[in-house]
Amino acid sequence: MRVVADYQLQYEVEQFLYLEAEILDHRQFHEWLDLFTEDTHYWMPIRSTRLRGDEANELTKEWENSYFDDDKRMLAQRVAKFDTGFSWAEDPPSRTRHMVTNVRIRDGAGTDEMTVTCNFIVYRTRMATDEDLWIGEREDRLRKIDGHWRIAGRKIFLDQTVLRSKNLSSFL
Amino acid sequence: MAIDVHSLVDRKSGLVSRRIMADEEIYRLELERIFARCWLFLAHESQVARPGMFVTTWMGDEPVIVTRDTAGQVRAMINSCRHRGNSVCRAEEGRAHSFMCTYHGWTYGLDGSLVGVPGYDERYHAELDRSQWGLIPVAQVASYKGLIFGTFDPQAPPLEEYLGEARWALDYVLDQRAGGTEVVGGVYKWLINSNWKLGADNVMGDNYHGAITHRSATTVGHQTASRVERRSNGRDDNLMAGPGIRPGFTAPLSWGHGFMCDLQPPGDTNYREHPEPLRSYYEETLPELESRLGPMRARVKKINLTLFPHASFTTSSNMLHVWHPRGPNQTEVWLYVIVDKDAPAEVKRTLRQSAQRHFSPAGMFEQDDMDNWELSTKAAGGTVSRNYPLNYSMGLGHEKWEDDGVVSRQINAINDESNQRAFYYGWADFMSGEGWDGLRRKREEWESNRAPGSGDARRG
């Protein structure tokens, strides 16, 4: 029975992450916001090249700089920016494709809050030939509210050190 | 090399050739005449606070290691083994006792000296003069209030002379409090397909673009952390104000430096609309700031400064952008967040978040800037379009100088392009290959031409 329950939960979690990816790729950003809890934290540290033995400092810490360090209000402001009619970095809009793989439930299976990690590849292309590829690992805190999974926290660990993109006007 | 540099920057009309944003030959000359000669920002002292700490950076196209050696002295040298040229340090920052080349094992001390050569006796017969084969040193290294600079030119004037009048603005960044500053951990680094000069000229003088470029961010109520910020229901009053509408000035300087400064009216510090913890912090530290820097700088709302060639400070969120050139149409942008060392942790957090939300690659402002500069650069290389100059003429001939002994400033309009013109005048002076004596004469000429009431200092 345990095995069946695990299958079911794994399936449920994967479907949730696929749905989120689809919502982003279809530019339904207000629906995307609804997937986050009110107390969510969306965080993406900076990675730097370190010598072996110094790996503990490869990613910036919570009290250091980061690409994203957003609460829900800030995420909502980013979405509102798209709607102003003056958001030039996204006008014309980016075309993104979010690929989510290697989904693993880390803890909290069988409860209403769990940690889920996955790998991601996000391809962005814009205008004629602009291309970006963002690859890394995500650690999501998922919470079940009224029978629906919601994202109560997201940590995004990009593999690049020097970001090979002019900006990060897309969500990962 | 047949480039007539002065024909590329037209001082009579304020026009600048598009070629300087795209031409490979001009870019090679920039590396030689600007980046191998000027004082360049290397690091903040807090990044190499103790012996053995190092960071790697760029000086033009040269990779450089900045260390603090065992004697406590800051050193900078080219990150390339003298034997075969391989890098001797591959990390962005860290700690080390020495730097060993991974090719044959030549090993260098924290001061760059060659301290180890495998096979020194049996293969080199103890004849190699190790004292002559240390890492190529940066000719001069010096600090100004916590910032480390270096130049490859042994003839370059002392750092303080090079910075000149820009120190008035730099002191506002670095010297508000007795404890000095530090950088927040983590340097943002990202690659944009833009010429390096577009960022440098934007920060120092472009008060014109905000109303359009950043309208989406200001429309949704995005705010900065300026020390004195007048908030007006999400509307950025910084945008379309004309002469006389708000107090402030530009300071177009010689040698390509320049800054602009927004001021509050005397007596109106207007902290009440700042969210905590900034409000209390700014109120509590104002007397200290005023006693250190004087009454005018206590009224500063924000300062935007570019130190020629490529270090741009924006005090609205305590940021330093460095525009590392990676080719005529590519720039590696490095963004540092500078905070008062003695500020409470909560204040540091607020300032760090303000910079991140404002001007990091995901920042509400930065996203839109980068997009513009990439397309400007793209258009600069056109076979036909490159013959049509860029227009930097705004306000030319309408400058009005004031000098009451505090700072020499141009007060007619904060929304003109006098700073950008100063940047390109300085650019042309360096690019013409002028020696330091000649450059000093140019500086004197500039300073003597900006008498109160006079027009563009360098016009004609």
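**Exercise 1. Helix α5 of chain B and its neighbours**

Is the crossing of α5(B) and α12(B) left-handed or right-handed?

*Solution.* The model examined here is predicted.

Step 1. Helix α5 of chain B covers residues 196-205, and helix α12 of chain B covers residues 418-431. Their axes come within 8 Å and cross at roughly 140 degrees.

Step 2. An angle over 145 degrees would count as roughly antiparallel, and one of 65 to 115 degrees as roughly perpendicular. The angle of roughly 140 degrees therefore makes α5(B) oblique to α12(B).

Step 3. The crossing of α5(B) and α12(B) is right-handed.

Step 4. On the α5(B) side, the contact is made by B:Ala200, B:Asp201, B:Met204 and B:Gly205; α12(B) supplies B:Asn419, B:Gln420 and B:Phe423. By class, these residues are three nonpolar, three polar and one charged.

Step 5. Helix α11 of chain B comprises residues 366-380; α5(B) packs with α11(B) at an angle of about 130 degrees, the axes being 10 Å apart. It follows that α5(B) is oblique to α11(B). This crossing, too, is right-handed.

Step 6. Here α5(B) contributes B:Leu198, B:Gly199 and B:Asn202, while α11(B) contributes B:Asp369, B:Trp373, B:Ser376 and B:Thr377. The contact of α5(B) with α11(B) has two nonpolar, four polar and one charged residue.

**Exercise 2. The domains of chain B and the confidence of the chain**

Identify the domains of chain B and their contact, and find where the pLDDT of chain B is below 50.

*Solution.* 

Step 1. Chain B is divided into domain 1, residues 40-142, and domain 2, residues 165-449. The C-alpha centres of these two domains of chain B lie 34 Å apart.

Step 2. Six residues of domain 1 of chain B are in contact with eight residues of domain 2 of chain B. The domain 1 side of this contact comprises two nonpolar and four polar residues, with no charged residue.

Step 3. Chain B has a mean pLDDT of 90, and 90% of its residues reach 70 or more. Over residues 229-244 of chain B, however, the pLDDT is below 50; this stretch has 26 contacts in the model beyond near neighbours in sequence. Where pLDDT is low, predicted coordinates should not be read in detail.

**Exercise 3. Backbone features in loops**

Locate the cis peptide bonds at A:Pro92 and B:Pro309, and the positive phi of B:Ala126.

*Solution.* 

Step 1. The bond from A:Asp91 to A:Pro92 is cis, with omega near 5 degrees. A:Pro92 belongs to the loop between α3 and β3 (95-107) of chain A.

Step 2. From B:Phe308 to B:Pro309 the peptide bond is cis, with omega near 0 degrees. The loop between β17 (300-307) and β18 (311-314) of chain B contains B:Pro309.

Step 3. B:Ala126 is not a glycine, yet its phi is positive, about 55 degrees. B:Ala126 is found in the loop between β10 (114-116) and β11 (140-144) of chain B.

Conventions
Residues numbered from 1 in each chain as written. Chains lettered and ligands numbered in written order. Predicted model: local features only at pLDDT ≥ 70, side-chain atom pairs only at ≥ 80, totals over all residues. Domains from an automatic or database assignment. Contact = placed C-beta atoms within 7 Å. Nonpolar A, V, L, I, M, F, W, Y, C, P; charged D, E, K, R; others polar. pLDDT = per-residue confidence, 0-100. Axes fitted to C-alpha atoms, helices over the stretch in contact; angles between N-to-C directions. Helix = DSSP H or I, 4+ residues; strand = E, 2+ residues; numbered from the N terminus. Parallel < 35°, antiparallel > 145°, perpendicular 65-115°, else oblique. Left-handed = near helix turned anticlockwise from the far one by under 90°.
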